[in-house]
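Biologist: I have a structure open on my screen and would like to walk through it with you. Could you help me read it, one piece at a time?

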Amino acid sequence: IEAEAMQAASFIVQAKSVDAARAAVLAAGGSVTHELGIIDAVGASLAPLQVETLRTAGMTLFEDAQVETAGKAGGGGSTAKVDTVYPAQTNARLLHQSGITGAGIGIAIVDSGLMPKSEVTRDGRGRNRLLAGYNAITNSTIRGEGLSEGDTDDYGHGTHMASIAVSSGTDDSGNYNGIAPDARLVYVKAFDGLGRGSYADVIRGIDWVVANRATYNIRVMNLSFAAQP
């Protein structure tokens, strides 16, 4: 058998259930890399002959292609006061003036991770708002005190999106820079330091958010990325 024929690639294998998909992959000689319960599928590493075997058996396969964050990341370590346009453009500033600031609502950001910036990790009253972090790439969860020293955001896009959603930073007039400055926050890391991820990692991250929505009262999930459908 030629070496090229033995080269494994990443796929998503869908069936009637996760168990059925896993069994089919193992029976074909492949290896399971992800459990994607939300779509009754698994991520798998498969050689060409194993792909052919699964397709002949009537399994549904998708190439685990690349996904990219929707835009470049912001940067800079300036501590100067800033004024973002988002609350004004969305009329959120009027809600803030009425005392509606997202208090108690959980927001999940599925992106490239999170930098432990105080305006993101603490609400308008200075209280910790960061509930949990999940790394969909390594399939690991971080809670409690380890969060601030946990996964970082080497690309910056996840922190940028979280800032738009919840920043408790203010401008010179005391107006909040975030849409929901008192909301609670959960981050899911599914993208690397170049802003690139995979279908399987993204879907595993979404699966984790849905499974934990009641635990953290997640009412909003932000997905700012793109790929071929």
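**Strands, a helix and their contacts**

Modeller: Happy to, and let us start with a pair of strands: β2 (residues 31–36) runs antiparallel to β3, and five bridges join them. This is a predicted model, where local features need pLDDT of at least 70 and side-chain atom pairs count only at pLDDT 80 or more, while totals for chains, interfaces and linings use all residues. Residues are numbered from 1 along each chain as its sequence is written, and side-chain values use heavy atoms, leaving out hydrogens and water.

Biologist: In β3, which residue is the bridge partner of Ser 31?

Modeller: Helices (H or I, at least four residues) and strands (E, at least two) are DSSP runs, numbered from the N terminus. Two strands pair if DSSP finds at least two bridges between them. For Ser 31, the bridge partner in β3 is Ser 45.

Biologist: Which residue in the hairpin of β2 and β3 takes a positive phi?

Modeller: The hairpin has four residues between its strands. The positive phi, near 50°, belongs to Asp 40.

Biologist: How many bridges join β1 to β3?

Modeller: Strand β3 covers residues 41–46, and five of its six residues are buried (under 20% relative accessible area, with exposed meaning over 50% and partly exposed in between, for a 1.4 Å probe and protein chains only). In β3, Ala 44 stands opposite Phe 11. Strand β1 (residues 9–14) runs antiparallel to β3, and the number of bridges joining them is six.

Biologist: What is the C-alpha to C-alpha distance between Phe 62 and Gln 14?

Modeller: Phe 62 sits in strand β4 (residues 60–63) and counts as partly exposed because its relative accessibility is 42%. Setting aside residues up to four places away in sequence, Phe 62 touches Phe 11, Ile 12 and Gln 14 (contact means heavy atoms within 4.5 Å). Phe 62 and Gln 14 are 48 residues apart in sequence, yet their C-alpha atoms are apart in space by 8.3 Å.

Biologist: Is Thr 159 buried or exposed, and why?

Modeller: Thr 159 lies in helix α7, where eight of the 10 residues are buried. Among its contacts are Gly 113, Leu 114 and Asp 153. Because its relative accessible area is 5%, Thr 159 is buried.

Biologist: Which backbone oxygen lies 2.8 Å from a polar atom of the side chain of Ser 168?

Modeller: Ser 168 is in the loop between α7 and β9, and is buried because its relative accessible area is 14%. Its contacts include Ser 118, Tyr 176 and Pro 181. The backbone oxygen at 2.8 Å from the Ser 168 side chain's polar atom is that of Arg 122.

How values were computed
A polar contact is a pair of N or O atoms within 3.5 Å; within protein, one must be able to donate a hydrogen and the other to accept it, and residues adjacent in sequence count only if both atoms are side-chain atoms.
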